[in-house]
Amino acid sequence: MTKALGILGFDIAKSSQNPSQNSNEDSSQDFSEKSQSSLPQNNPPQNNTQSSQDSNADSSPKDNIDRTITKEAFDYLISSSAGDARAMLNLLEVLALSPHITLQSAKSLRPFSLNDGASEDDTHYNLASALIKSIRGSDVDASIYYLARLIAGGENPEFIARRLVILASEDIGNANPNALNLATSTLLAVGKIGYPEARIILSQCVIFLASCPKSNTAYTAIDLAIKAINDGEVLPIAPNILPHAKSYKYPHNFGGWVAQKYLTKDLHFVESTQKGFEKTLNEWLEKIKQTKD
């Protein structure tokens, strides 16, 4: 950390507060001011680069060399640190091992932003929202476009994949149960693979999800049930399904299904649809309940 602090002229004590309380703008100003103050006065930056000098008096001669950083790398270092000065300094300390810091070298060490979905101007949040709404609306091309925008902006592939997992259950659900399987596999895969190949995995998942029949049955059912409980529907467990209840009927002894009470009051939360595989599930339920006891 000493090298990075010397390069920046940045007091580590100033970054000890909660990182979430620092805005990207504040960090950018601090970084710019401190780095400019440490620039060699007789060698101003040229060719769209910003130069910094290691001012550690106790360092070896090798450390007393001028270092340059391109404006693109400088901007990326600030924006990708999400207002976290320590994260910025840690990355710069490693980058400073090279006399010239480029955007490519910065991205090789930090391939995506630490913002995790929301930049200061909400651009990433808006793009993520556009992606989800396009998939929900079954527009494959729009879905791929917004995915590409997120990737090009350096979005964390795991952040994107987490949103896809949620969508697979919330907006597709049992209309195609494989959607959740693929989205979960995508989350695991991109975490292991990373960019650039993770873009292909995300693309496959997005195309699949956008092409699936849509249903929010699971989403609405659990919310209705939770609302009922919050509104006071806290029922006693039906006596026949309590542990060791003598009146419990074991369905397998009756061909797989037998009529018996599981709730002490009739409640209804699941709105059956004919969308995708939900139609098959409804048919299964009807056939199951036709079993003779």
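The structure is a predicted model, in which local features need pLDDT of at least 70 and side-chain atom pairs count only at pLDDT 80 or more, while totals for chains, interfaces and linings use all residues. Residues are numbered from 1 along each chain as its sequence is written, and side-chain values use heavy atoms, with hydrogens and water left out.

**Overall architecture**

The protein contains 12 helices and three strands; helices (H or I, at least four residues) and strands (E, at least two) are DSSP runs, numbered from the N terminus. Of its 293 residues, 35% are buried, where buried means under 20% relative accessible area, exposed over 50%, and partly exposed in between (1.4 Å probe, protein chains only). The accessible surface comes to about 17,000 Å², and carbon and sulfur atoms contribute 55% of it; these areas come from the Shrake-Rupley method with a 1.4 Å probe, and for residues only the protein chains shown count as cover. Among contacts (heavy atoms within 4.5 Å) with a separation of 6 or more, 67% join residues 24 or more positions apart.

**Helix 8 and its surroundings**

The buried residues of helix 8 are Pro157, Phe159, Ile160, Ala161, Leu164, Val165, Leu167, Ala168, Asp171 and Ile172. An α-helix has 3.6 residues a turn, so residues three or four places apart point the same way. The buried residues of helix 8 pack against helix 6 (123-136), helix 7 (140-152), helix 9 (178-193) and helix 10 (198-211). Just after helix 8, Gly173 adopts a positive phi of about 55 degrees.

**A buried glutamine in a loop**

Gln260 lies in the loop between helix 11 (217-230) and helix 12 (277-288). Its relative accessible area is 17%, so Gln260 is buried. The side chain of Gln260 reaches the backbone oxygen of Lys249 at 2.9 Å and makes a polar contact with the side chain of Tyr262 at 2.8 Å. A polar contact is a pair of N or O atoms within 3.5 Å; within protein, one must be able to donate a hydrogen and the other to accept it, and residues adjacent in sequence count only if both atoms are side-chain atoms. Apart from neighbours within four places in sequence, Gln260 is in contact with Asn240, Ser247, Tyr248 and Lys249.

**Cysteines and aromatic pairs**

The structure holds zero disulfides, a disulfide being a pair of cysteine sulfur atoms within 2.5 Å. The sulfur of Cys205 has its closest cysteine sulfur in Cys212, at 8.9 Å, which is too far for a bond. Cys205 is buried at 1% relative accessibility, and Cys212 is buried at 5%.

Two aromatic pairs are found in the whole structure. Rings of Phe, Tyr and Trp (its six-membered ring) pair if their centres lie within 6.5 Å; planes under 30 degrees apart count as stacked, over 60 as edge-to-face and the rest as tilted.

| Pair | Centre to centre | Angle between planes | Class |
|---|---|---|---|
| Tyr145 and Tyr146 | 5.2 Å | 75 degrees | edge-to-face |
| Phe277 and Trp284 | 5.6 Å | 90 degrees | edge-to-face |

Tyr145 is partly exposed at 45% relative accessibility, as is Tyr146 at 25%. Phe277 is partly exposed at 29%, and Trp284 is partly exposed at 46%.
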